[in-house]
Amino acid sequence: MSDTTAEAAPAAEAPAAPAPAPTRAQGLTERLRRPRTYAVLIGSLLLLVLPFYVDRFWLQAGLFAMAAAIGAIGLNMLTGATGQLSMGHAFFLAVGAYGYSVLAGVSSTENGHRLTGLGLPTWLAAILAVLLAGAAGGLFSPIAGRLRGAYLGIATLALIFIGQHVLFNAGSLTGGYNGRAVPPLSLFGFTFDDTEVVVAAVPFGSSEKLWYVGLAALLLSALFARGVLRGRPGRAMNAIRDHRIAAGVMGVPVARYRAGVFVLSSMYAGLAGVLLALVFQRTVPEYFGMILSLEYLAMIVIGGLGSVAGAVIGAAFVTLLPQVFTHYSDSLPLVSAPGTGGLAPGEASRYLYGAAVVAVVLFLPGGLARLGLARAKKPAAPKNPGEKS
(Lines give C-alpha, C1' and ligand atoms only; values in the text may rest on other atoms or scores of the structure.)
Protein backbone atom coordinates (compact mmCIF):
# COMPACT_ATOMS: atom_id res chain seq x y z
CA MET A 1 0.00 0.00 0.00
CA SER A 2 2.78 2.36 0.92
CA ASP A 3 4.70 1.46 -2.26
CA THR A 4 1.63 2.18 -4.37
CA THR A 5 1.07 5.48 -2.62
CA ALA A 6 4.70 6.41 -3.11
CA GLU A 7 4.49 5.61 -6.79
CA ALA A 8 1.28 7.65 -7.18
CA ALA A 9 2.69 10.71 -5.42
CA PRO A 10 4.09 13.18 -7.90
CA ALA A 11 7.79 13.78 -7.79
CA ALA A 12 8.84 17.02 -6.14
CA GLU A 13 9.49 19.65 -8.74
CA ALA A 14 12.98 21.07 -8.87
CA PRO A 15 13.19 24.86 -8.36
CA ALA A 16 13.13 26.72 -11.62
CA ALA A 17 16.48 28.07 -12.72
CA PRO A 18 16.66 31.86 -12.86
CA ALA A 19 16.33 33.34 -16.31
CA PRO A 20 19.66 34.39 -17.76
CA ALA A 21 20.29 38.13 -17.84
CA PRO A 22 19.87 39.62 -21.32
CA THR A 23 23.10 40.38 -23.10
CA ARG A 24 23.93 43.76 -24.58
CA ALA A 25 23.17 42.50 -28.07
CA GLN A 26 19.76 41.19 -26.94
CA GLY A 27 18.99 44.52 -25.27
CA LEU A 28 19.88 46.39 -28.46
CA THR A 29 17.69 44.04 -30.51
CA GLU A 30 14.81 44.59 -28.12
CA ARG A 31 15.16 48.37 -28.42
CA LEU A 32 15.21 48.18 -32.21
CA ARG A 33 11.87 46.37 -32.11
CA ARG A 34 10.17 49.24 -30.33
CA PRO A 35 8.22 51.69 -32.52
CA ARG A 36 9.38 54.52 -30.26
CA THR A 37 12.99 53.96 -31.35
CA TYR A 38 12.10 54.44 -35.01
CA ALA A 39 10.01 57.51 -34.16
CA VAL A 40 13.00 59.07 -32.37
CA LEU A 41 15.34 58.29 -35.27
CA ILE A 42 12.95 59.72 -37.87
CA GLY A 43 12.32 62.80 -35.74
CA SER A 44 16.05 63.37 -35.27
CA LEU A 45 16.66 63.11 -39.01
CA LEU A 46 13.88 65.59 -39.73
CA LEU A 47 15.31 68.08 -37.25
CA LEU A 48 18.74 67.80 -38.87
CA VAL A 49 17.49 68.51 -42.40
CA LEU A 50 14.86 71.09 -41.46
CA PRO A 51 17.05 74.17 -42.22
CA PHE A 52 17.29 73.04 -45.85
CA TYR A 53 13.51 73.07 -46.41
CA VAL A 54 11.92 75.54 -43.95
CA ASP A 55 11.96 79.33 -44.13
CA ARG A 56 13.56 81.45 -41.44
CA PHE A 57 10.31 82.34 -39.69
CA TRP A 58 9.80 78.75 -38.60
CA LEU A 59 13.50 78.27 -37.86
CA GLN A 60 13.42 81.21 -35.46
CA ALA A 61 10.24 79.84 -33.90
CA GLY A 62 11.97 76.49 -33.47
CA LEU A 63 15.00 78.17 -31.87
CA PHE A 64 12.73 79.97 -29.41
CA ALA A 65 11.16 76.61 -28.58
CA MET A 66 14.60 75.03 -28.05
CA ALA A 67 15.67 77.81 -25.69
CA ALA A 68 12.36 77.54 -23.83
CA ALA A 69 12.76 73.75 -23.59
CA ILE A 70 16.20 74.12 -21.97
CA GLY A 71 14.82 76.55 -19.40
CA ALA A 72 11.74 74.38 -18.83
CA ILE A 73 13.90 71.31 -18.17
CA GLY A 74 15.69 73.22 -15.43
CA LEU A 75 12.43 74.45 -13.90
CA ASN A 76 10.94 70.97 -14.09
CA MET A 77 13.82 69.56 -12.04
CA LEU A 78 13.18 72.24 -9.46
CA THR A 79 9.38 72.33 -9.37
CA GLY A 80 8.32 69.00 -10.88
CA ALA A 81 10.95 66.68 -9.38
CA THR A 82 11.77 68.46 -6.10
CA GLY A 83 8.51 70.27 -5.43
CA GLN A 84 9.96 73.78 -5.10
CA LEU A 85 7.74 76.47 -6.59
CA SER A 86 9.75 79.16 -8.37
CA MET A 87 8.24 82.32 -9.83
CA GLY A 88 11.58 83.94 -10.62
CA HIS A 89 12.82 81.79 -13.49
CA ALA A 90 12.80 84.77 -15.86
CA PHE A 91 15.33 86.54 -13.63
CA PHE A 92 17.95 83.87 -14.26
CA LEU A 93 17.24 83.90 -17.99
CA ALA A 94 17.97 87.63 -17.90
CA VAL A 95 21.22 87.00 -16.01
CA GLY A 96 22.34 84.58 -18.73
CA ALA A 97 21.29 86.82 -21.62
CA TYR A 98 22.73 90.06 -20.27
CA GLY A 99 25.75 88.31 -18.80
CA TYR A 100 26.68 87.06 -22.26
CA SER A 101 26.08 90.50 -23.80
CA VAL A 102 28.33 92.23 -21.26
CA LEU A 103 31.07 89.61 -21.25
CA ALA A 104 31.25 89.24 -25.04
CA GLY A 105 30.43 92.84 -25.98
CA VAL A 106 32.78 95.78 -26.27
CA SER A 107 32.48 99.21 -24.72
CA SER A 108 30.52 101.53 -26.99
CA THR A 109 27.83 104.17 -27.06
CA GLU A 110 24.32 103.09 -28.05
CA ASN A 111 21.01 104.97 -27.70
CA GLY A 112 22.63 107.55 -25.47
CA HIS A 113 24.11 104.99 -23.07
CA ARG A 114 27.79 104.33 -22.58
CA LEU A 115 27.75 100.53 -22.62
CA THR A 116 30.32 98.45 -20.78
CA GLY A 117 31.77 95.33 -22.39
CA LEU A 118 34.68 93.06 -21.56
CA GLY A 119 35.31 91.80 -25.10
CA LEU A 120 35.90 88.17 -24.12
CA PRO A 121 35.77 85.38 -26.73
CA THR A 122 32.11 84.64 -27.31
CA TRP A 123 32.37 80.92 -26.52
CA LEU A 124 34.01 81.76 -23.20
CA ALA A 125 31.43 84.46 -22.53
CA ALA A 126 28.62 81.93 -23.08
CA ILE A 127 30.14 79.52 -20.55
CA LEU A 128 30.77 82.27 -18.01
CA ALA A 129 27.22 83.59 -18.45
CA VAL A 130 25.82 80.16 -17.54
CA LEU A 131 28.10 80.02 -14.51
CA LEU A 132 27.06 83.56 -13.60
CA ALA A 133 23.41 82.50 -13.58
CA GLY A 134 24.36 79.56 -11.38
CA ALA A 135 26.20 81.93 -9.04
CA ALA A 136 23.10 84.13 -8.83
CA GLY A 137 21.12 81.02 -7.95
CA GLY A 138 23.77 80.12 -5.39
CA LEU A 139 23.34 83.48 -3.67
CA PHE A 140 19.62 82.76 -3.36
CA SER A 141 20.04 79.06 -2.54
CA PRO A 142 20.22 79.48 1.29
CA ILE A 143 16.70 80.90 1.12
CA ALA A 144 15.60 78.22 -1.36
CA GLY A 145 16.97 75.52 0.91
CA ARG A 146 14.79 76.58 3.83
CA LEU A 147 11.56 77.78 2.24
CA ARG A 148 8.99 75.70 0.41
CA GLY A 149 5.62 75.97 -1.25
CA ALA A 150 3.98 79.36 -1.58
CA TYR A 151 6.61 80.98 0.66
CA LEU A 152 9.37 80.10 -1.80
CA GLY A 153 7.19 81.24 -4.70
CA ILE A 154 6.69 84.66 -3.10
CA ALA A 155 10.40 84.95 -2.29
CA THR A 156 11.40 84.14 -5.88
CA LEU A 157 8.77 86.57 -7.16
CA ALA A 158 10.81 89.32 -5.51
CA LEU A 159 13.66 88.45 -7.89
CA ILE A 160 11.48 89.55 -10.82
CA PHE A 161 10.89 93.00 -9.33
CA ILE A 162 14.53 93.41 -8.39
CA GLY A 163 15.66 92.23 -11.81
CA GLN A 164 13.29 94.55 -13.68
CA HIS A 165 14.48 97.53 -11.64
CA VAL A 166 18.13 96.73 -12.38
CA LEU A 167 17.56 96.03 -16.07
CA PHE A 168 15.73 99.30 -16.66
CA ASN A 169 18.08 101.51 -14.61
CA ALA A 170 21.58 100.03 -15.01
CA GLY A 171 22.02 101.67 -18.40
CA SER A 172 25.76 101.08 -18.66
CA LEU A 173 25.22 97.30 -18.45
CA THR A 174 21.81 96.72 -19.97
CA GLY A 175 21.23 99.70 -22.26
CA GLY A 176 18.09 100.70 -20.38
CA TYR A 177 14.65 100.45 -21.98
CA ASN A 178 16.03 99.90 -25.48
CA GLY A 179 18.36 97.08 -24.45
CA ARG A 180 21.68 96.36 -26.10
CA ALA A 181 22.95 94.47 -29.12
CA VAL A 182 24.19 90.89 -28.72
CA PRO A 183 27.52 89.87 -30.29
CA PRO A 184 27.21 86.81 -32.54
CA LEU A 185 28.67 83.54 -31.32
CA SER A 186 32.03 82.53 -32.74
CA LEU A 187 33.27 78.97 -32.33
CA PHE A 188 36.36 77.37 -33.87
CA GLY A 189 36.72 80.33 -36.21
CA PHE A 190 33.13 80.01 -37.47
CA THR A 191 30.82 82.94 -36.75
CA PHE A 192 27.07 82.39 -36.35
CA ASP A 193 26.00 85.71 -37.84
CA ASP A 194 23.89 86.89 -40.79
CA THR A 195 26.71 86.44 -43.28
CA GLU A 196 25.29 83.87 -45.67
CA VAL A 197 27.11 80.62 -46.37
CA VAL A 198 25.79 78.44 -49.19
CA VAL A 199 25.37 74.78 -48.19
CA ALA A 200 23.92 72.41 -50.80
CA ALA A 201 22.55 75.40 -52.77
CA VAL A 202 20.78 76.69 -49.63
CA PRO A 203 21.91 80.03 -48.12
CA PHE A 204 22.62 79.63 -44.42
CA GLY A 205 22.14 82.75 -42.31
CA SER A 206 22.22 83.18 -38.54
CA SER A 207 19.01 81.19 -37.96
CA GLU A 208 20.21 78.20 -40.01
CA LYS A 209 23.62 78.23 -38.30
CA LEU A 210 22.21 78.62 -34.79
CA TRP A 211 19.76 75.78 -35.42
CA TYR A 212 22.45 73.16 -34.89
CA VAL A 213 23.84 75.00 -31.86
CA GLY A 214 20.37 74.93 -30.32
CA LEU A 215 19.93 71.23 -31.13
CA ALA A 216 23.27 70.35 -29.52
CA ALA A 217 22.53 72.44 -26.41
CA LEU A 218 19.06 70.93 -26.03
CA LEU A 219 20.33 67.37 -26.51
CA LEU A 220 23.11 67.73 -23.93
CA SER A 221 20.77 69.46 -21.47
CA ALA A 222 18.11 66.76 -21.84
CA LEU A 223 20.57 63.87 -21.49
CA PHE A 224 22.18 65.37 -18.39
CA ALA A 225 18.80 66.05 -16.75
CA ARG A 226 17.62 62.56 -17.62
CA GLY A 227 20.70 61.06 -15.98
CA VAL A 228 20.15 63.16 -12.87
CA LEU A 229 16.47 62.26 -12.55
CA ARG A 230 17.03 58.55 -13.14
CA GLY A 231 19.95 58.28 -10.73
CA ARG A 232 20.34 58.57 -7.00
CA PRO A 233 19.95 62.39 -6.97
CA GLY A 234 16.62 62.04 -8.77
CA ARG A 235 15.33 59.56 -6.20
CA ALA A 236 16.38 61.89 -3.41
CA MET A 237 14.65 64.82 -5.13
CA ASN A 238 11.43 62.84 -5.51
CA ALA A 239 11.60 61.80 -1.85
CA ILE A 240 11.92 65.45 -0.83
CA ARG A 241 8.95 66.36 -3.02
CA ASP A 242 6.72 63.54 -1.73
CA HIS A 243 7.61 63.67 1.97
CA ARG A 244 10.26 66.03 3.23
CA ILE A 245 10.38 64.72 6.80
CA ALA A 246 10.61 61.08 5.73
CA ALA A 247 13.41 61.96 3.31
CA GLY A 248 15.34 63.62 6.13
CA VAL A 249 14.84 60.57 8.36
CA MET A 250 16.24 58.35 5.59
CA GLY A 251 19.41 60.43 5.55
CA VAL A 252 18.74 62.76 2.61
CA PRO A 253 20.26 66.22 3.27
CA VAL A 254 17.09 68.11 2.39
CA ALA A 255 18.39 71.69 2.60
CA ARG A 256 21.53 70.81 0.63
CA TYR A 257 19.58 69.10 -2.14
CA ARG A 258 17.10 71.96 -2.38
CA ALA A 259 19.88 74.50 -2.66
CA GLY A 260 21.80 72.39 -5.19
CA VAL A 261 18.78 71.85 -7.42
CA PHE A 262 18.04 75.57 -7.32
CA VAL A 263 21.57 76.33 -8.55
CA LEU A 264 21.29 73.69 -11.30
CA SER A 265 17.93 75.08 -12.40
CA SER A 266 19.43 78.58 -12.52
CA MET A 267 22.24 77.35 -14.78
CA TYR A 268 19.70 75.81 -17.15
CA ALA A 269 17.88 79.15 -17.22
CA GLY A 270 21.16 80.94 -17.90
CA LEU A 271 21.87 78.68 -20.87
CA ALA A 272 18.37 79.31 -22.20
CA GLY A 273 18.95 83.05 -21.79
CA VAL A 274 22.20 82.90 -23.78
CA LEU A 275 20.49 81.06 -26.62
CA LEU A 276 17.57 83.50 -26.58
CA ALA A 277 19.96 86.44 -26.75
CA LEU A 278 21.74 84.92 -29.75
CA VAL A 279 18.43 84.34 -31.55
CA PHE A 280 16.97 87.78 -30.76
CA GLN A 281 20.31 89.50 -31.45
CA ARG A 282 19.19 92.10 -28.91
CA THR A 283 18.31 91.93 -25.23
CA VAL A 284 15.27 93.93 -24.09
CA PRO A 285 14.39 94.22 -20.34
CA GLU A 286 10.64 94.10 -20.92
CA TYR A 287 10.84 90.51 -22.18
CA PHE A 288 12.20 89.12 -18.90
CA GLY A 289 9.17 89.92 -16.75
CA MET A 290 6.58 88.09 -14.72
CA ILE A 291 4.68 86.88 -17.80
CA LEU A 292 7.74 84.89 -18.91
CA SER A 293 7.95 83.15 -15.53
CA LEU A 294 4.25 82.28 -15.70
CA GLU A 295 4.72 80.89 -19.19
CA TYR A 296 7.48 78.60 -17.94
CA LEU A 297 5.19 77.30 -15.20
CA ALA A 298 2.54 76.67 -17.85
CA MET A 299 5.11 74.75 -19.92
CA ILE A 300 5.94 72.22 -17.24
CA VAL A 301 2.32 71.77 -16.14
CA ILE A 302 1.05 71.23 -19.69
CA GLY A 303 3.95 68.98 -20.67
CA GLY A 304 4.18 66.97 -17.46
CA LEU A 305 5.75 67.66 -14.07
CA GLY A 306 9.01 65.88 -13.33
CA SER A 307 9.56 64.72 -16.92
CA VAL A 308 12.26 65.84 -19.34
CA ALA A 309 10.10 64.94 -22.32
CA GLY A 310 7.20 66.79 -20.73
CA ALA A 311 9.29 69.96 -20.41
CA VAL A 312 10.22 69.80 -24.10
CA ILE A 313 6.63 69.14 -25.23
CA GLY A 314 5.21 71.87 -23.01
CA ALA A 315 7.84 74.37 -24.16
CA ALA A 316 7.07 73.62 -27.81
CA PHE A 317 3.33 73.99 -27.18
CA VAL A 318 3.52 77.30 -25.31
CA THR A 319 6.24 78.83 -27.51
CA LEU A 320 5.02 77.81 -30.95
CA LEU A 321 1.36 78.61 -30.36
CA PRO A 322 1.74 82.43 -30.62
CA GLN A 323 3.95 81.98 -33.70
CA VAL A 324 1.30 79.83 -35.40
CA PHE A 325 -1.42 82.35 -34.54
CA THR A 326 0.72 85.20 -35.86
CA HIS A 327 1.53 83.41 -39.11
CA TYR A 328 -2.05 82.33 -39.81
CA SER A 329 -3.92 85.26 -38.22
CA ASP A 330 -5.61 86.10 -41.54
CA SER A 331 -7.31 82.73 -41.80
CA LEU A 332 -8.06 81.94 -38.14
CA PRO A 333 -11.39 83.03 -36.58
CA LEU A 334 -11.31 85.61 -33.75
CA VAL A 335 -7.55 86.11 -34.27
CA SER A 336 -6.23 89.10 -36.15
CA ALA A 337 -3.42 91.59 -36.18
CA PRO A 338 -3.30 94.04 -33.24
CA GLY A 339 -5.59 97.04 -33.62
CA THR A 340 -8.01 95.44 -36.11
CA GLY A 341 -10.75 94.46 -33.65
CA GLY A 342 -9.98 90.80 -32.99
CA LEU A 343 -7.79 89.10 -30.44
CA ALA A 344 -4.07 89.64 -30.90
CA PRO A 345 -2.12 86.41 -31.49
CA GLY A 346 -0.36 86.72 -28.14
CA GLU A 347 -3.62 87.18 -26.25
CA ALA A 348 -5.32 84.32 -28.08
CA SER A 349 -2.42 82.00 -27.35
CA ARG A 350 -2.49 82.87 -23.65
CA TYR A 351 -6.21 82.12 -23.48
CA LEU A 352 -5.62 78.79 -25.18
CA TYR A 353 -2.73 77.53 -23.10
CA GLY A 354 -4.44 78.86 -19.98
CA ALA A 355 -7.37 76.61 -20.84
CA ALA A 356 -4.87 73.83 -21.58
CA VAL A 357 -3.44 74.15 -18.06
CA VAL A 358 -6.90 73.74 -16.54
CA ALA A 359 -7.71 70.79 -18.81
CA VAL A 360 -4.41 69.04 -18.03
CA VAL A 361 -4.82 69.50 -14.28
CA LEU A 362 -8.38 68.12 -14.38
CA PHE A 363 -8.17 65.32 -16.93
CA LEU A 364 -4.47 64.52 -17.56
CA PRO A 365 -2.40 65.04 -14.40
CA GLY A 366 0.68 63.56 -16.04
CA GLY A 367 0.67 66.18 -18.80
CA LEU A 368 0.90 65.78 -22.56
CA ALA A 369 3.98 63.60 -22.19
CA ARG A 370 1.77 60.74 -20.98
CA LEU A 371 -0.03 60.66 -24.31
CA GLY A 372 3.18 59.68 -26.07
CA LEU A 373 4.18 56.92 -23.68
CA ALA A 374 3.61 53.37 -24.81
CA ARG A 375 1.34 51.33 -22.62
CA ALA A 376 3.15 48.80 -20.49
CA LYS A 377 2.62 45.20 -21.49
CA LYS A 378 0.61 43.13 -19.07
CA PRO A 379 2.58 40.23 -17.55
CA ALA A 380 1.65 36.83 -18.87
CA ALA A 381 -0.50 34.69 -16.59
CA PRO A 382 1.55 32.03 -14.73
CA LYS A 383 1.18 28.48 -15.94
CA ASN A 384 -0.38 25.77 -13.81
CA PRO A 385 2.24 23.55 -12.16
CA GLY A 386 0.85 20.47 -13.89
CA GLU A 387 0.54 22.11 -17.31
CA LYS A 388 2.98 20.90 -19.90
CA SER A 389 4.99 23.48 -21.75
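This is a predicted model: local features need pLDDT of at least 70, side-chain atom pairs count only at pLDDT 80 or more; totals for chains, interfaces and linings use all residues.
Local features are reported at pLDDT of at least 70 and side-chain atom pairs only at pLDDT 80 or more, while totals for chains, interfaces and linings use all residues. Residues are numbered from 1 along each chain as its sequence is written, and side-chain values rest on heavy atoms, with hydrogens and water left out.

In soluble globular proteins, nonpolar side chains tend to be buried together. A nonpolar core is here a set of buried Ala, Val, Leu, Ile, Met, Phe, Trp, Tyr and Cys residues joined through side-chain atoms within 4.5 Å; buried means under 20% relative accessible area, exposed over 50%, and partly exposed in between, with a 1.4 Å probe and protein chains only. The largest such core holds 78 residues, and Ile73, Leu93, Tyr100, Phe288 and Tyr296 touch the most other members. Helix α4 (residues 56–81) gives the most to this core, namely 14 residues. Helices (H or I, at least four residues) and strands (E, at least two) are DSSP runs, numbered from the N terminus. A second, separate core comprises six residues, among them Ala236, Ile240, Val252 and Val254.

Beyond its neighbours within four places in sequence, tyrosine 296 is in contact with Ala67, Ala68, Gly71, Ala72, Leu75, His89, Leu93 and Ala272, where contact means heavy atoms within 4.5 Å.

The structure also holds 11 aromatic pairs. Rings of Phe, Tyr and Trp (its six-membered ring) pair if their centres lie within 6.5 Å; planes under 30 degrees apart count as stacked, over 60 as edge-to-face and the rest as tilted. Phenylalanine 92 and phenylalanine 262 form an edge-to-face pair, because their ring centres are 5.7 Å apart and their planes stand at 80°. This pair links distant parts of the chain, 170 residues apart: phenylalanine 92 belongs to helix α5 (residues 89–104) and phenylalanine 262 to helix α12 (residues 254–280). Both phenylalanine 92 and phenylalanine 262 are buried.

Tyrosine 287 and phenylalanine 288 are likewise paired edge-to-face, at 5.2 Å centre to centre and 90° between the planes. Tyrosine 287 is partly exposed, at 34% relative accessible area, whereas phenylalanine 288 is buried, at 5%.

Two backbone features remain. Most residues other than glycine have a negative phi. Phenylalanine 188, however, has a positive phi near 55°; this residue is found in the loop between β4 (186–187) and β5 (190–191) and is exposed, at 82% relative accessibility. Glutamine 281 also has a positive phi, near 65°. Glutamine 281 lies in the loop between α12 and β8 (282–283) and is partly exposed, at 35% relative accessibility.
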